[in-house]
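Thank you all for coming. I would like to walk you through one structure this morning, starting from a single residue and then widening the view, so please have a look at it on the screen.

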Amino acid sequence: MGVFYALILVVLILSLTATYLGRPNFLSVTNLSNVLYQSSLVGIIAVAMTVILITGNFDLSVASVAALAGAVLIGTADSVGFWPAFGLAMLVAVGAGLLNGVIVQLVGINAFIVTLGTLTAIRGLVLVYTDGRSLAVSDDNVLASMRAFESGRLNVGILMLLAASALILIGIYQTIKVRRERKALSPASVGMLLGGIVLAVFSWLSNFQLTLPNPVIYLLTFTGALWFVLNFTTIGRRVYAVGGNPEAARLSGINVLRYKMAAFVLCSAAAGFAGILFASRLRSINPAALTGAELTVIASAILGGTSLFGGAGSVIKTLVGAFLLFTLTNGFNILNLGANYQGMIEGVVVVTAAAIYTVGGNRRAPKR
């Protein structure tokens with residue numbers, strides 16, 4: 001639960017500091033909605049990255065794959081239309097993930113080395129495809145489709161209130177149940193209660209008329225779908241088994257190769273989708289687009305407690321980790337702190353979180 005408490009603490013500190021210094025209100029609905037919007041692209045990739053980390057692998061090439069998908073979209077949209085270009089860009093992203101999976105799983109090279117190489121190779125391919133210059137869309141129909149796909153908004157005020165009510169009721173029910181059974185309160189119950197309260201407050205502050213951008217809707221839908229699959233289906237249990245003990249999973253009849261390959265494809269597909277959103281947002285693409293975003297993606301997963309050794313992780317906590325990083329960035333901008341301080345503090349936060357999880361895991365490990 002540490003990442004949830006950290007997010008709440010950061011929000012309180014930033015809001016109080018902004019109020020004390022006379023800065024714009026950090027807790028305004030507009031600003032909080034802006035934080036969600038800023039974190040949506042990285043959040044989509046980070047959630048998929050959690051799955052590949054759970055399986056015990058690694059993918060450093062996601063930012064380059066996203067840039068390549070965006071470049072393919074912008075480069076072909078004028079001639080074939082938005083949706084055919086969308087499909088082509090997604091095929092390219094899926095192909096990159098399949099290539100990573102084949103080299104890692106069939107050839108047997110370490111995933112860190114492979115994806116470090118494909119990171120550079122795919123970024124070079126982006127430079128070749130764009131000829132080292134920015135690409136832009138000029139067709140009016142394509143521009144209209146991009147605006148509808150990326151810049152549309154949906155009123156979720158009532159839906160958020162209903163979701164908050166459901167989370168609070170489920171959290172209360174779980175709390176009463178464990179108390180009757182005299183068991184310890186589970187982090188999931190606490191998380192549901194806190195999440196429900198936050199959603200209720202957010203909905204109330206917006207006067208039940210909150211509109212969220214499409215990328216935030218895509219992020220929440222994708223995260224919810226993966227959370228359900230990982231926690232309530234056989235596929236999810238097998239994903240954790242593959243990452244926790246591949247040999248035991250193989251002896252249990254699980255096709256380890258298939259699940260690890262699928263994780264690479266899913267991660268690259270999510271990166272491609274995020275790259276398409278990025279290109280649609282700007283209606284153009286630069287060869288250096290999203291450079292370094294893979295580090296923020298991995299940092300989000302680490303903040304969420306995802307193990308780098310496989311077998312453990314939560315897409316919900318990764319999402320909260322992404323929110324935490326972008327909350328810090330947004331707060332620093334409101335407080336008018338320089339970019340140097342931002343990088344330093346964010347780096348300290350990531351290292352501290354990793355240290356806390358490592359020390360906590362060592363203390364909980366059984367002593368022989």
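Predicted model: local features only at pLDDT ≥ 70, side-chain atom pairs only at ≥ 80, totals over all residues.

Is Thr55 buried or exposed? With a relative accessible area of 1%, Thr55 is buried, because anything under 20% counts as buried here. If we set aside the neighbours within four places in sequence, the residues in contact with Thr55 are Val239, Val242, Gly243, Lys260 and Ala263.

Let me now step back to the protein as a whole. Its secondary structure comes to 15 helices and 4 strands, and of its 368 residues, 47% are buried. Among the contacts with a separation of 6 or more, 81% are between residues 24 or more positions apart. The accessible surface comes to about 18,000 Å², and carbon and sulfur atoms account for 67% of that surface.

I turn next to the charged pairs. How many salt bridges does a search of the whole structure find? The search finds 2. One of them joins Glu150 and Arg281, whose closest N and O atoms are 2.9 Å apart. This pair links distant parts of the chain, since Glu150 is in helix 6, residues 140–150, while Arg281 is in helix 12, residues 256–282, and the two are 131 residues apart. Glu150 is buried, at a relative accessible area of 1%, whereas Arg281 counts as partly exposed, at 22%. Arg281 also lies over the face of Tyr37, at 4.0 Å from the ring centre.

The salt bridge between the side chains of Glu247 and Arg250 has an N to O distance of 2.5 Å. These two residues are 3 residues apart in helix 11, residues 246–251, so about one helical turn separates them. Glu247 is partly exposed, with a relative accessible area of 41%, and Arg250 is also partly exposed, with 48%.

Finally, the aromatic rings, where the count comes to 13 pairs. Take Trp83 and Phe149 as an example: their ring centres are 5.8 Å apart and their planes stand at 85°, so the pair is edge-to-face, given that planes over 60 degrees apart are classed that way. Trp83 lies in helix 4, residues 82–107, and Phe149 lies in helix 6, so the pair ties together parts that are 66 residues apart in sequence. Trp83 is exposed, with a relative accessible area of 52%, while Phe149 is buried, with 8%. Which residues do ring pairs link into a cluster? That cluster is made up of Phe82, Trp83, Phe86, Phe149, Tyr218 and Phe273.

Methods:
Residues numbered from 1 in each chain as written. Heavy atoms only, no water. Salt bridge = Lys/Arg side-chain N within 4 Å of Asp/Glu carboxyl O. Buried < 20%, exposed > 50% of the residue type's maximum accessible area, 1.4 Å probe, protein only. Contact = heavy atoms within 4.5 Å. Areas by Shrake-Rupley, 256 points an atom, 1.4 Å probe, with all protein chains shown as cover. Phe/Tyr/Trp six-rings, centres within 6.5 Å; stacked < 30°, edge-to-face > 60°. Lys NZ or Arg CZ within 6 Å of the ring centre and 35° of its normal.
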